[in-house]
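I opened my notebook on this chain today and went through it one stop at a time. Here is what I looked up, in the order I looked.

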Amino acid sequence: MSNRHAVTPRGLNVPRSALSQGRFGRMFRNLAPATFGVSPSDNVANLSALADKMVAGFDPPKDGPDAEESGIPALYTYLGQFVDHDITFDPVSSLTKQQDPDGLVDFRTPSFDLDNLYGRGPNDQPYMYDGIKLRLGDKLTGPGVPDSSDLPRFKGRALIGDPRNDENSIVSQFQGLMLRFHNRMVDDNDSLSFEEVQQRVRFHYQYVVLNDFLPRIVNADVLDALKTAGQYDRSKLAYYHWKTYPFMPVEFSVAAYRLGHSMIRPGYRLNDDDKMLLQIFPDPHNPDTNALTGFRAMGPGRAMDWGRFIDLDTRPYGVEDDDTNPDNKRRLQFAYRIDASLVDPLRKLPPEVASNPASLALRNLERSWRLGLPSGQDVARAMNVTPLTDDQIIIGKAVDEPGAGDPQTKIATIANGVFADNCPLWTYILAEAAQFRADVPIPVTGGPATVKTPQLGPVGGRIVAEVFLGMMFGDNSSVLSLDPQWTPVTGSNFALKDLVANALGQGDPLH
């Protein structure tokens with residue numbers, strides 16, 4: 001991946017070289033790093049003990065309702081991953097070699113400019129384009145899915161703006177939807193240049209991020225505190241500031257924005273085929289070549305029915321623990337709750353995903369420690385927020401009625417109390433979300449009207465929201481900078497489901 005981006009946010013008043021090598025940094029520079037032992041080996045051992053508690057017991061993929069489900073449709077998990085790949089790209093960092101946040105280089109422009117979609121543009125990467133349209137890959141088949149395509153590929157590898165958007169089947173197919181969204185924008189606006197189409201696509205994407213994605217994952221009170229008269233107000237940003245151009249805070253990239261790891265399900269159903277209920281990773285004891293791992297062409301019959309991931313229509317809720325119920329096979333799947341619990345397949349990442357097959361939880365915790373992040377309690381105090389008590393920091397699933405298989409472990413009981421009033425920031429933010437549950441309406445028939453859904457609270461939510469808003473305010477070509485009152489022509493309720501529907505050829509044109 002080149003460090004230079006031909007397709008960068010227009011109007012951002014910084015040198016092109018600075019954009020393509022934006023630096024990581026800290027939001028809370030005056031806080032001391034959190035430590036969890038007297039020696040490096042003690043730190044790793046204690047973080048390993050916490051990581052082990054943060055991974056749930058084995059739970060195979062299933063079709064029916066699940067007590068761990070939130071009220072957030074499953075596609076938002078992978079929209080979050082797509083966004084991460086849009087705003088960050090760090091190909092050289094490692095747990096052991098990059099320990100100074102100010103020394104990390106972010107090779108992704110720190111803005112919502114969709115360079116993970118557009119790459120360096122049609123002039124610099126013509127193999128990704130057909131004129132001003134983006135190339136699609138081979139047609140995919142699957143029962144009940146009339147029109148689907150893989151990503152364009154060469155020898156199995158995707159020809160896309162960011163190779164990470166092929167790292168699992170769901171984010172790769174969402175990338176495919178974004179290709180189609182751009183192409184439909186071209187078809188429906190045939191008098192526009194590539195740059196004009198690109199700006200409209202970016203505006204719709206940024207609108208969804210601000211008005212649909214953020215309200216799904218961040219508590220409403222946190223977002224309201226960043227608004228004046230109902231509009232986001234740059235003067236309300238209290239913690240994310242920069243001198244010349246936005247930087248990537250490690251409190252965001254290494255802690256707060258890793259909320260999505262807790263939202264991942266053990267597996268997902270792609271379509272009606274009985275064989276298409278797939279694990280996220282192959283079972284090492286019973287390898288499944290149909291798992292959802294990426295960096296390869298989509299297999300036969302794997303076309304995705306997007307109504308299983310986002311509410312394109314209204315489907316039955318299904319019946320828990322009833323494998324014979326036909327509604328369970330076609331229901332809308334929901335993301336797991338934001339809490340201090342990850343599904344078992346993340347206990348040991350497969351070699352297709354990580355060269356070091358460690359626990360994802362341990363990788364997150366160890367990276368945070370090596371980069372010198374402060375504790376969650378110290379960050380809360382710096383934000384004038386009353387920290388959670390140790391009794392409130394529960395390691396486990398945020399289910400409504402925890403059962404025998406749902407341990408609820410208090411943080412201070414782990415590793416001989418080393419985490420008492422000293423919780424790693426990532427874990428703190430997940431545990432904080434479990435304390436801020438909203439009754440979220442779900443678009444189903446035959447089920448509950450709402451589901452209690454954890455959302456990021458005053459520490460985690462504020463970090464994520466300020467970075468999102470700050471990056472857009474810092475980009476002179478973003479929707480917040482150019483036209484903060486802008487709404488899609490179809491109305492102010494435009495959401496992820498409408499973007500997906502448009503990409504699939506449904507609904508009115510977006511002019």
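Predicted model: local features only at pLDDT ≥ 70, side-chain atom pairs only at ≥ 80, totals over all residues.

**Entry 1: P249**

I started with P249, which lies in strand β10, residues 248–249. Is P249 buried or exposed? Its relative accessible area is 0%, so P249 is buried. I then looked for what surrounds P249. Leaving out neighbours within four places in sequence, I found P249 in contact with G25, M27, Y240 and V467. I also checked F24: it is 225 residues away from P249 along the chain, yet their C-alpha atoms are separated by 5.6 Å.

**Entry 2: the chain as a whole**

Next I stepped back for the overall picture. I counted 14 helices and 19 strands in the chain. Of the 511 residues, 59% are buried. The accessible surface comes to about 20,000 Å², and carbon and sulfur atoms account for 48% of that. I also looked at how far along the sequence the contacts reach. Among contacts between residues at least 6 apart in sequence, 74% join residues at least 24 apart.

I kept a general point in mind here: in soluble globular proteins, nonpolar side chains tend to be buried together. The largest nonpolar core in this chain has 135 residues, and V459 and F468 touch the most other members. Which helix gives this core its largest share? It is helix α6, residues 194–217, with 12 residues.

Not counting residues up to four places away in sequence, V459 touches V379, A380, M383, V385, L425, Y428, I429 and E432. There is also a second, separate core of 6 residues, with Y317, L332, I442 and V451 among them.

**Entry 3: α6 against α12**

On the α6 side I listed Q206, V209, L210, F213, L214 and I217; they meet V464, A465, F468, L469 and M472 of α12. By class, this contact has 10 nonpolar residues, 1 polar and no charged.

**Entry 4: D212**

I stayed in helix α6 for D212, which is found there. D212 is buried, with a relative accessible area of 6%. What does D212 contact, apart from neighbours within four places in sequence? I found Y76, Y207, A495 and L496. N493 is 281 residues from D212 along the chain, and the C-alpha atoms of the two are separated by 8.5 Å.

**Entry 5: α3 against α5**

For another helix pair, I took α3 (residues 75–87) and α5 (residues 169–188). Their axes come within 9 Å and cross at roughly 75°, which makes α3 and α5 roughly perpendicular to each other. From α3, the contact uses L75, Y78, L79, Q81 and F82; from α5, it uses I170, V171, F174, Q175 and M178. I sorted the contact by class and got 8 nonpolar, 2 polar and no charged residues.

**Entry 6: two enclosed helices**

Among the buried residues of α9 are N364, E366, R367 and W369. The buried residues of α9 pack against α2 (40–53), α8 (250–255) and α11.

**Entry 7: a loop with positive phi**

I finished in the loop between β16 (409–410) and α11, where A415 is found. A415 has a positive phi of about 55° although it is not a glycine. N416 has its place in the loop between β16 and α11. For N416, too, phi is positive at about 55°, and N416 is not a glycine. Is N416 buried or exposed? N416 is exposed, with a relative accessible area of 83%.

Methods. Residues numbered from 1 in each chain as written. Heavy atoms only, no water. Axes fitted to C-alpha atoms, helices over the stretch in contact; angles between N-to-C directions. Helix = DSSP H or I, 4+ residues; strand = E, 2+ residues; numbered from the N terminus. Parallel < 35°, antiparallel > 145°, perpendicular 65-115°, else oblique. Contact = heavy atoms within 4.5 Å. Nonpolar A, V, L, I, M, F, W, Y, C, P; charged D, E, K, R; others polar. Buried < 20%, exposed > 50% of the residue type's maximum accessible area, 1.4 Å probe, protein only. Areas by Shrake-Rupley, 256 points an atom, 1.4 Å probe, with all protein chains shown as cover. Core = buried A, V, L, I, M, F, W, Y, C linked by side-chain atoms within 4.5 Å.
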